[in-house]
Every structure is written in C-alpha cells, then in structure tokens.
Amino acid sequence: KKKKKKKMGKKELDNCENAPFLQFDQEDCAHIQFQCELSSSYFSGECGCGCKPNGKISWPELVDETCQDARVTIFEENPDISEAICISEESQETFDIRQDRVRIFVDDDGYVINEPIVG
C-alpha cells in the first residue's frame, strides 16, 4: 500500500506564512540536499524545508526613522549584512536578491518609508 501524502490544512499554512520555506512536502525534503549560503542555515519543520537567514531579516520598526539610524540598527542586529543602502523612492533598482544587502527606501527628507528587508 502506498503512503498517502499529508496535505496541510489552511490553519497549518497560516502558521507558515512567514516561514522562508523552499519546499512544502516533508517527504521531498528528505531527498533534497540544500547548499545554503554562509549567511543562512538549513531548516526543516512542519512548513517544509530550505535555507533561512541566520540573523534578523526585516525591520518594520524602522519606518519613519532616519536612514542613518536605520543603517546603524540593521548592522547591529544582523552581522551578515555587508551593505545597507539608502535609496530614494523614485530610484531605479536592480532585481537581484542578495542575503547580505538591505535596501532602505527613503523620502526626500531621508526618512524610511517602507519596511527594510534583506534582499
């Protein structure tokens, strides 16, 4: 008899909303070999498996702070960040994602307007 795969219910998925999973199915997780970046580590659990950052990855409390104050906090709270860039809300940006960078979007007066997030 084949084992029936357990499907996650809505309540279980709600608990996983902020989980940085790359694979949902735990059976599949058992067969995948992840090679995580130096600033991240392997995890597995009820939400799935993948690589997660070692430090803090978002700073909602920095909205309305100055960009310089935000940079100081980000570097203090995540030692894997090598670059925290202040960017005008009108600026163009690249689409590459890096685990060692935080883009900090600011208004014309230099105050943070969006939650800074690793990427």
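Is cysteine 29 buried or exposed, and what is its relative accessible area? Cysteine 29 is buried, with a relative accessible area of 8%; buried here means under 20%, exposed over 50%, and partly exposed in between, using a 1.4 Å probe and protein chains only.

Before going further, a word on what you're looking at. This is a predicted model, where local features need pLDDT of at least 70 and side-chain atom pairs count only at pLDDT 80 or more, while totals for chains, interfaces and linings use all residues. Residues are numbered from 1 along each chain as its sequence is written, and side-chain values use heavy atoms, with hydrogens and water left out.

So how confident is the predictor? pLDDT is its confidence in each residue, from 0 to 100, and the chain has a mean of 79, with 80% of its residues at 70 or more. Confidence is highest in helix α3 (residues 67-77), at a mean of 96, and lowest in helix α1 (residues 10-15), at 45. Helices here are DSSP runs of H or I with at least four residues, strands are runs of E with at least two, and both are numbered from the N terminus. Over residues 1-14 pLDDT stays under 50, and the model has ten contacts there beyond four places in sequence, a contact being heavy atoms within 4.5 Å. Where pLDDT is low, the predicted coordinates should not be read in detail.

Back to the cysteines. Counting a disulfide as a pair of cysteine sulfur atoms within 2.5 Å, the model has two disulfides. In one of them, cysteine 29 pairs with cysteine 49, sulfur to sulfur 2.0 Å. Cysteine 29 sits in helix α2 (residues 26-29) and cysteine 49 in strand β2 (residues 48-53), so the link ties together parts that are 20 residues apart in sequence. The S-S torsion is about -95°, so this disulfide is left-handed. Cysteine 49 is buried too, at 0% relative accessible area.

The other disulfide joins cysteine 67 to cysteine 86, with an S to S distance of 1.6 Å. Cysteine 67 is buried at 6%, whereas cysteine 86 is partly exposed at 37%.

Strand β3 leads us to the sheet. Three strands form an open sheet in the order β3-β4-β5, with mixed pairing; two strands pair if DSSP finds at least two bridges between them. β3 (83-88) and β5 (117-118) stand at the edges with a single partner strand each, so one side of each has no neighbour in the sheet. β3 runs parallel to β4 (residues 101-106) over six bridges, and serine 88 stands opposite valine 106 in β4.

Conventions
pLDDT = per-residue confidence, 0-100.
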